[in-house]
Amino acid sequence: MERTKAVFNWSGGKDSAHALWRAIESQRYEIVALLTTVNHDTRRSTMHGIPFPLLQAQAASIGIPLHAVDLTPKGDMEDYQTAMSQAVAHFKAQGVTHFIFGDIFLHDVRKYREQQLAPHGIEVVEPLWGESSQEVMADFLASGLKTVVVTTMDDGLGRAAVGRVVDRDFVASLPAGTDPNGENGEYHTFCYDGPIFASPVPFRLGTPFRRSYDVRLDDGTSKSYAYWFADLREA
């Protein structure tokens with residue numbers, strides 16, 4: 001069976017690793033690259049805060065080339081759209097027809113992806129889509145993938161959850177109303193071992209630090225969001 005050329009949109013976290021594992025297991029795709037966005041100033045992945053060398057180490061262990069999109073000069077949505085359009089053109093020239101993501105149920109996010117990629121003739125693939133968070137988490141835990149919490153919302157799980165391994169005890173400890181997969185932004189992770197990796201990715205956790213961001217809302221007002229980061233580093 002001829003496989004479809006695809007790019008996997010890689011965050012470095014557990015849902016991304018889980019979706020990649022499913023895509024590989026399906027044997028439907030020839031995944032030519034792991035595409036990730038990196039902040040120009042911090043040299044870390046956006047939101048998860050994974051240092052670029054660790055993203056490279058993940059890709060090397062997985063055995064798929066990493067393609068980094070550098071968000072410059074401001075790192076905002078305008079820069080994101082421009083940089084991603086350039087990346088899409090680059091891969092379309094290589095015969096890529098599908099972009100794979102690790103979303104679970106965020107319909108507005110999927111709609112945005114489809115609106116951005118459809119004009120380029122690129123189809124969106126979501127291996128985790130349509131299942132409940134509980135089903136996705138149960139499958140993740142059974143997969144053998146290993147991941148650690150590296151980012152949390154300050155007014156949610158907070159500093160205490162940073163550095164915890166995502167296992168059954170962690171899921172059982174989540175407060176009521178928290179999505180088990182952190183799909184609403186409650187937490188983000190770094191995946192370092194499991195069936196997609198040839199060998200574990202060495203890393204260490206530094207002292208957690210807090211950072212806040214001002215986001216402009218649709219009504220013109222601004223709101224501040226604060227997060228804790230694990231200060232993830234190479235081992």
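Modeller: Let us start with a definition: rings of Phe, Tyr and Trp, the last by its six-membered ring, count as a pair if their centres lie within 6.5 Å. This is a predicted model, and a search of the whole structure finds six aromatic pairs.

Biologist: How do you know whether phenylalanine 229 is buried or exposed?

Modeller: Phenylalanine 229 has a relative accessible area of 7%, and buried means under 20%, so phenylalanine 229 is buried. Phenylalanine 209, with 24%, lies between the limits of 20% and 50% and is therefore partly exposed.

Biologist: What makes arginine 110 count as lying over the face of tryptophan 129?

Modeller: Arginine 110 lies at 4.9 Å from the ring centre, and the limits are a distance within 6 Å and a direction within 35 degrees of the ring normal. Arginine 43 likewise lies over the face of phenylalanine 52, at 5.4 Å from the ring centre.

Biologist: Why is helix α1 called roughly perpendicular to helix α5?

Modeller: The two helices pack at an angle of about 75°, with their axes 11 Å apart; angles of 65 to 115 degrees count as roughly perpendicular, so α1 and α5 are described that way. Among the residues that meet there are Trp21 in α1 and Phe140 in α5.

Terms used:
Residues are numbered from 1 along each chain as its sequence is written. This is a predicted model: local features need pLDDT of at least 70, side-chain atom pairs count only at pLDDT 80 or more; totals for chains, interfaces and linings use all residues. Side-chain values use heavy atoms; hydrogens and water are left out. Rings of Phe, Tyr and Trp (its six-membered ring) pair if their centres lie within 6.5 Å; planes under 30 degrees apart count as stacked, over 60 as edge-to-face and the rest as tilted. Buried means under 20% relative accessible area, exposed over 50%, partly exposed in between (1.4 Å probe, protein chains only). Axes are lines fitted to C-alpha atoms, for helices over the stretch in contact, and angles run from 0 to 180 degrees between N-to-C directions. Helices (H or I, at least four residues) and strands (E, at least two) are DSSP runs, numbered from the N terminus. Angles under 35 degrees count as roughly parallel, over 145 as roughly antiparallel, 65 to 115 as roughly perpendicular and the rest as oblique. Contact means heavy atoms within 4.5 Å.
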